[in-house]
Each structure stands twice: as structure tokens, then as C-alpha cells.
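Look at the two-chain model below.

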2 protein chains.
Amino acid sequence: MSGHLAVIGLGPGDARYLTPEAQAALAAAEALYGYGPYLDRAPVRDGQSRHASDNRQEGARATAALAHAAAGASVAMVSGGDPGVFAMAAAVCEELAAGPETWRSLDITIVPGVTAMLAVAAQAGAPLGHDFCALSLSDNLKPWDLIERRLDAAAGAGFVIALYNPVSRARPWQLGAALERLRRHLPPTTPVVFGRAVGRSDARVTVTTLQDADAGAADMATLIIVGSATTRVIVRPGRAPLVYTPRSATEAGA
Amino acid sequence: MSGHLAVIGLGPGDARYLTPEAQAALAAAEALYGYGPYLDRAPVRDGQSRHASDNRQEGARATAALAHAAAGASVAMVSGGDPGVFAMAAAVCEELAAGPETWRSLDITIVPGVTAMLAVAAQAGAPLGHDFCALSLSDNLKPWDLIERRLDAAAGAGFVIALYNPVSRARPWQLGAALERLRRHLPPTTPVVFGRAVGRSDARVTVTTLQDADAGAADMATLIIVGSATTRVIVRPGRAPLVYTPRSATEAGA
């Protein structure tokens with residue numbers, strides 16, 4: 001089977017995060033698949049076809065791209081951030097596993113990218129400087145009580161927590177419930193970072209505390225980092241505060 | 001204070017992961033600081049001074065770079081992967097917090113990069129496609145029982161686990177102990193990925209299971225991803241297997 005599928009991470013926001021490997025993979029493709037706003041960020045090349053789909057159609061999009069590659073084409077699937085983190089690479093693997101046996105001989109490449117939590121952390125300082133976890137707050141594909149169990153485990157053991165997919169029109173209450181859950185484990189003064197549209201011209205990063213964190217301040221383009229009990233804030237005159245988690249720790253809670 | 005310090009992620013391995021933002025930040029610096037092998041990966045520019053230091057001297061290196069920037073220079077600190085993940089950004093914040101008050105008015109930029117676990121995951125498929133955590137196995141800066149507690153919490157709650165700093169000359173037994181600990185929580189068939197020197201020409205990615213995982217196969221350049229109970233492997237004729245964690249989950253253990 002001669003086709004090829006590249007699943008490509010664009011990084012967050014504009015082209016400043018697009019790696020040379022991702023640029024080369026985009027340029028080599030005959031057909032690009034992806035969520036419309038991500039496709040719009042891929043540089044245009046003559047002779048490339050573009051196949052935009054809606055945000056929630058990951059499975060159908062993966063299947064279409066795999067079928068197109070299986071027909072012999074060089075296909076690229078674009079993904080915001082890193083394709084392996086709550087994004088298209090897993091969807092492609094799921095559809096490959098469920099699809100025709102012949103798909104398994106396809107040449108598949110995953111091109112990593114800067115995922116949102118790294119870009120938000122960089123804007124804020126170094127909140128992910130010690131052990132951390134990444135958790136999607138979407139309960140579309142897992143039950144809410146599992147999310148709560150994971151929040152308990154992560155906060156209780158001293159992991160910093162990056163929250164992906166904090167809110168959507170269909171999921172308005174989950175972030176508030178998650179913050180409330182975390183307040184059981186962490187001091188009220190625990191630093192919390194809201195990073196919205198990081199990597200874009202309208203990026204906004206705000207630093208608050210767990211007691212003051214307002215779920216209403218987040219939207220679909222927001223990633224949230226909740227510190228651990230060791231996370232600190234450096235206040236700076238005339239500059240944004242720096243949030244960091246020291247590399248050393250003595251016990252889970254301190 | 002007119003100086004500037006940029007803490008720059010080079011990504012793993014060669015220049016294919018160096019973002020345009022990182023390239024620009026490297027080119028703008030008068031002085032580069034970093035661990036020697038990382039400095040060697042930064043493109044050479046006339047008129048730049050280079051200050052290499054040993055692997056374990058993060059604090060002294062951060063202090064030297066901050067002092068140089070405070071003297072008015074445009075300084076870059078290079079870091080492999082992402083500077084915010086078990087790397088130099090937290091060390092810079094620690095030294096800034098402990099240093100002279102005047103350092104707080106310094107202009108500091110953190111430039112994110114592709115961290116090792118994303119590059120290893122991309123080579124293997126999509127093992128980080130669901131909730132995951134990143135844990136350093138180094139017990140230089142935290143006690144071993146805290147690491148064990150975090151392994152228990154993460155595996156017990158169904159997180160995929162990326163293990164950074166699995167082994168060094170001074171830490172020969174920790175990875176074996178961690179794998180043994182994880183065997184208490186996870187099925188023997190849980191997929192495990194060893195990624196060595198990913199992003200370099202001598203990269204090697206191997207897929208095994210938790211029961212067969214051999215700590216002796218890892219060295220300082222290795223990153224290990226231990227799946228959850230939901231992580232799957234797609235066997236492919238004539239191609240490397242694809243390891244992925246489906247986006248959906250029903251409960252922590254399955």
C-alpha cells in the first residue's frame with residue numbers, strides 16, 4: 001500500500017510554534033484534513049486539496065483521511081498543539097484498529113508539536129517544573145466520577161494539574177465542579193493560571209489562587225494549570241508575576 | 001534594568017523540532033548559557049559568547065545567566081526539550097526568587113519546545129491520547145517514598161505515566177523499583193514504550209509489556225511511557241506496532 005498519512009501538530013496559535021518537521025510534512029501532502037480553524041493555519045500550497053470538518057467529528061475525519069491515504073495519496077491530518085495530547089493521533093489509531101486489515105500496512109507518521117500546557121506554562125513561568133499531569137475535563141468520553149477520582153489522586157499526591165477542555169457550550173458546570181473538588185485537597189492560596197488563546201495575538205494569561213479562581217473566566221480556548229502545595233509566585237514590579245514549581249519536594253502535601 | 005534573559009527549549013534531538021520562535025530567540029542573544037551538549041545544538045552566530053556548564057549545575061548556571069542579564073546583556077539559556085519540564089525554567093525561577101531584589105525587574109521570556117514525552121509518543125503512536133502524567137524518577141531532589149506514592153496514585157487512577165530521568169550512574173536501581181511498583185497496579189500485558197535519543201539519528205523506540213520491561217534497557221537518554229489498562233497495541237505487517245490510549249474510558253482500571 002503506497003499511501004501515507006501524517007498526523008501533524010501545529011502547536012498552539014500562530015506559526016511561531018510550527019516546527020521545521022511540521023512545515024515539511026505539510027508541504028509534502030497532497031490533501032489536508034482537519035478542523036476548519038486549524039486547517040486555516042496551515043500554509044497554502046497550490047495543488048493541495050483541503051477537507052475541513054467540524055470540531056466534534058474526530059472519528060469520521062480520521063476515517064476519511066485513512067481511506068484517502070489507503071487509496072494511494074499523501075495525506076496530512078492537522079491538529080492544534082500536539083496531535084498526541086487530547087487530539088487527532090489517538091482518533092486515527094482508534095479508526096485504524098477498527099478499520100479494514102489493509103489499513104495496517106499504511107505508512108503513518110505522527111509529527112509532535114508544542115501542546116497548549118507547555119505554551120501556557122512558558123507564559124506564566126515554570127508551573128510544570130515538577131511532577132505534573134494532564135487531564136481532560138470533557139465527560140463526553142468518560143464518566144464524571146472518573147474525572148473526580150483522577151483529580152483526587154493527582155492533587156492528593158502533589159502533582160501540578162493541567163486541565164484541558166475545561167468548558168464548552170454543552171459542558172458549562174464541569175470546571176467549577178473540578179475547582180471545588182480540588183479545594184478539598186489544596187490550600188486556598190494555591191496558584192492557578194488561566195491561559196487563553198496562548199500563541200495568538202489575543203492571548204491572555206492571568207494568575208489567581210484556587211480560592212479566587214472563577215470558572216466563568218474560562219472558555220473553549222482556555223487551558224488551566226492548578227499548582228501543587230509547593231507552587232510559588234514571584235511578584236515583580238511592573239511585570240507579570242512568575243509562577244513556578246520548585247524542582248525539589250519533601251512530601252506530597254508540601 | 002535593561003537586560004533580558006530568554007530560557008529556550010530546543011526540542012529533543014536535532015533541528016527538526018526547533019520552532020521559529022526558538023530560532024529567533026537564539027539569534028537575538030549575545031550570550032548563550034547551557035549544558036554543553038545542548039549548547040552544541042544551537043546554531044553558531046558570530047559575536048555570541050558561549051558558556052557551557054556540566055549537567056548537574058543547574059542552580060549555578062541559572063545564577064550566572066541572571067547576573068549576566070542583570071548587567072544589561074541579552075542572554076539565552078538553552079534547554080533540551082521544553083525548558084519548563086524538568087529543566088532550566090524552574091531553576092531560573094528558583095534563583096530569581098532567592099537572588100537580589102533588582103533581578104525581579106529583569107525582562108524574562110520562556111520559549112516552549114517539544115518535550116521528550118511528546119516526541120517519544122509520536123514515534124510510538126498515541127500512548128498519551130488520554131489522561132497522563134509526567135514524573136521524574138530522580139530522587140536527588142525528592143524522597144523515594146514520595147515517588148512511590150505518586151506512582152501508586154497515578155497508576156491507580158488510570159493515568160498513563162511518562163517517566164523522565166529514569167536512570168543515571170548515581171541512580172541505577174530506581175527504574176527497576178518503579179516498574180516493580182507499577183506491576184502492583186497494572187496488568188502484566190500493559191504496553192510500555194522505551195524511547196531512546198528520539199529526535200536524533202541514533203533514535204530507538206521499542207515497545208514491550210510491563211511484565212517484560214527491562215530496566216537495564218534504559219539509560220540517561222531514555223524516556224519511558226507506561227500505559228494504562230486501556231492502552232492498546234496495533235500489530236502491523238512489516239511496520240512498527242502502534243501504541244495508543246483510546247480517548248474514551250469507563251472506569252479507572254479499564
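Leaving aside residues up to four places away in sequence, A:T19 touches A:P112, B:R16, B:Y17, B:T19 and B:V114. Contact here means heavy atoms within 4.5 Å. A:T19 sits in the loop between β1 (4-9) and α1 (20-28) of chain A. Helices (H or I, at least four residues) and strands (E, at least two) are DSSP runs, numbered from the N terminus. A:T19 counts as buried, because its relative accessibility is 1%. Buried means under 20% relative accessible area, exposed over 50%, and partly exposed in between (1.4 Å probe, protein chains only).

This is a predicted model: local features need pLDDT of at least 70, side-chain atom pairs count only at pLDDT 80 or more, and totals for chains, interfaces and linings use all residues. Residues are numbered from 1 along each chain as its sequence is written, chains are lettered from A and ligands numbered from 1 in the order in which they are written, and side-chain values use heavy atoms, without hydrogens and water.

**Interface**

| Item | Value |
|---|---|
| Residues of chain B in contact with chain A | 73 residues |
| Residues of chain A in contact with chain B | 73 residues |
| Buried area between the chains | about 6200 Å² |
| Salt bridges between the chains | 10 salt bridges |

Buried area is the accessible area (1.4 Å probe) that two parts lose on being put together, summed over both. Carbon and sulfur atoms give 61% of it. B:R104, B:R150 and B:R247 supply 12% of the area that chain B buries against chain A, more than any other three residues.

A salt bridge is a side-chain nitrogen of Lys or Arg within 4 Å of a carboxyl oxygen of Asp or Glu. B:R239 forms one with A:D107; the closest N and O atoms are 3.7 Å apart.

**Symmetry**

How are the copies related? Chain B superposes on chain A by a rotation of 180 degrees with 0.0 Å of shift along its axis (RMSD 0.0 Å). That is the relation of a two-fold axis. In chain B, the C-alpha nearest the axis belongs to B:C133, 1.9 Å from it.

**Inside chain A**

Eight of the 11 residues of helix α4 (residues 88-98) of chain A are buried, so the helix is largely enclosed by the rest of the structure. Among them are A:M88, A:C93 and A:L96.

Conventions: Copies are superposed by least squares on the C-alpha atoms of residues with pLDDT of at least 70 in both.
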